[in-house]
Structures are given as structure tokens and as C-alpha cells.
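Biologist: Hi! Could you walk me through this model while we both have it open? I have a few quick things to ask.

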Amino acid sequence: MQRSVIAFLLLGASCFALSCPLPAQAQPLFQALPASQTGIAFENSLPETPERNIITYEYFFNGGGVGAGDFNNDGLTDLYFTSNIGPNKLFLNLGGFRFEDITKKAGVAGAKGWTTGVSVADVNGDGWLDLYVCFSGDAPPEKRKNQLFINNGDLTFTDKAAEMGLDDPGHSTMAAFFDLDLDGDLDASVLNHNVKQFRNFDAAFVKNQIDPDA
């Protein structure tokens, strides 16, 4: 230990005597690319109104998100953006940091509602990545049903959430897919939250309640 310290001190003295140059200023690790260059034009706009704002809905600024995956198996990572109240968008990676908006052709704009996020997984195990979009918000159950966009293998998708038992109408935040029972296919865990507001002294009472949507 003492030798190491002495060596370090000697090295420092040598550098001082020889006027060792300071390291060049580190270059930034990331570079922002404009939409005009990449073709990715997306904005999750949340206009506040007297009926819809952070006071009337506690989770107003929760949600949105992005899923990244190779949806056409060409070796390039494509991007899927979700918007809380606007249409979602799918951008096909053309290479060279160029993307094409294929949302309309793919049929993945999503239903109208309050979108909270997206999960990317090969849900049916056919070798093509699928999209699972979660919904929440202070809305009736029919407006909160999650969507499962199954990849048809030709850059089009079909919502099969109801068919596969995943059109959950709870207040969903996000889902994770994994093989829970090791039978070779993917199972799903959906994280929900409670949109009701309670005061602190209601905690004991609330703990004894069951909300099937939360």
C-alpha cells in the first residue's frame, strides 16, 4: 500500500515537472437529431381544460411512452410512440437514422382513450414482435380496454386483445410479458393503479376495500 502511494506521488511529480497536458474536453455522448432529418415527428400534447387538468385528474401527467423493436425483422430497430389522448405512431427504421411514419398502414393508431404505455413482446410466439397498449383515466370501462396489436408479418397489425383475453378494462399503467410457468409461451402481468383520491385519515378504511379495476 505504501509503495503504491509513493509511486502515485512520483508520477504526479513527474507530470508536474513535465507540464503534462490536461485531457481534452470530453465530447458529448449524445447528439440531438431534428425531425427534419430523422422523419420522427411526434408530440404528446396535453392541453389543459377546466374539466381535464392536474386538479381534476391526479394522473394527468402520467402515461405516454415508447416501445422499440424490430417489427419487420430487417435488423433495424423501429419505434412506436404512445400519446395520452392523441393517436399513437409507428415509425419504420429505414437505416441511416431515417424513419417513415407507417401508422395508418399498420393500423396501430389505437383507440380513443387515455393511453398510459406500451409493451413490446412476441406474445403469440410466431417470431414477430407485437404491441400491447395500456389504458386508464377517469373514463368508463369500455374506454379503458387494453389493446393487443398482433403483428401480421407484413407491417400490419390486428387487435386481438379480446380474443386472447387481454382486453383488461382496469386502470392499467404498464404490462410485462414473461414465461411464468415455463411452458414455452408468454404470460402477462398488468400493473394497475387507483384513480380515486383519498385523504390520509381514510387510509385504514381504504385498505379494507377491494377495487377490481385498481
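**Salt bridge and overall layout**

Modeller: Happy to! The structure holds 1 salt bridge, where a salt bridge is a side-chain nitrogen of Lys or Arg within 4 Å of a carboxyl oxygen of Asp or Glu. This is a predicted model, in which local features need pLDDT of at least 70 and side-chain atom pairs count only at pLDDT 80 or more, while totals for chains, interfaces and linings use all residues. Residues are numbered from 1 along each chain as its sequence is written, and side-chain values use heavy atoms, with hydrogens and water left out.

Biologist: Thanks. Which residue forms a salt bridge with K89?

Modeller: That is D101, and the closest N and O atoms of the pair are 4.0 Å apart. D101 lies in strand β4 (residues 98–101) and K89 in strand β3 (residues 89–95), so the pair ties together parts that are 12 residues apart in sequence. Helices (H or I, at least four residues) and strands (E, at least two) are DSSP runs, numbered from the N terminus.

Biologist: Zooming out, how many helices and strands does the protein have?

Modeller: There are 4 helices and 10 strands. Along the sequence, the pattern reads α-α-β-β-β-β-α-β-β-β-β-β-β-α. Of the 214 residues, 30% count as buried.

Biologist: Switching to D70: where does it lie?

Modeller: D70 lies in the loop between β1 (65–69) and β2 (78–82). D70 is buried yet has no salt bridge, and the nearest side chain of opposite charge, K105, is 13 Å away. For charges, Lys and Arg count as positive and Asp and Glu as negative; His and the chain ends are not counted.

Biologist: Then which backbone nitrogens does the D70 side chain reach?

Modeller: The D70 side chain reaches the backbone nitrogen of N73 at 3.0 Å and the backbone nitrogen of D74 at 3.1 Å. A polar contact is a pair of N or O atoms within 3.5 Å; within protein, one must be able to donate a hydrogen and the other to accept it, and residues adjacent in sequence count only if both atoms are side-chain atoms. Leaving out residues up to four places away in sequence, D70 touches G75, L76, D78 and L129, with contact meaning heavy atoms within 4.5 Å.

Biologist: What is the phi of N73?

Modeller: N73 has a positive phi of about 55° although it is not a glycine. Most residues other than glycine have a negative phi. N73 is found in the loop between β1 and β2, and at 43% relative accessibility N73 is partly exposed.

Biologist: And L155, is that buried or exposed?

Modeller: L155 is buried, with a relative accessible area of 12%. Its phi is near 65°, a positive value in a residue other than glycine. L155 is found in the loop between β7 and β8 (157–159).

Biologist: New topic: Q147. Which side chain does it join in a polar contact?

Modeller: The side chains of Q147 and D159 are joined by a polar contact of 3.1 Å. Q147 lies in strand β7 and counts as buried at 10% relative accessibility. Not counting residues up to four places away in sequence, Q147 touches several residues, including G110, L131 and A161.

Biologist: Last one: which residues make the nonpolar surface patch?

Modeller: I54, I55 and F61 make a patch of about 330 Å². Patches are made of residues with over 30% relative accessible area and no salt bridge: like charges are joined within 9 Å, nonpolar side chains (Val, Leu, Ile, Met, Phe, Trp, Tyr) within 5 Å. I55 is in the loop between α2 (35–38) and β1, and I55 is exposed, with a relative accessible area of 67%.

Technical notes
Buried means under 20% relative accessible area, exposed over 50%, partly exposed in between (1.4 Å probe, protein chains only). Accessible areas come from the Shrake-Rupley method with a 1.4 Å probe; for residues, only the protein chains shown count as cover.
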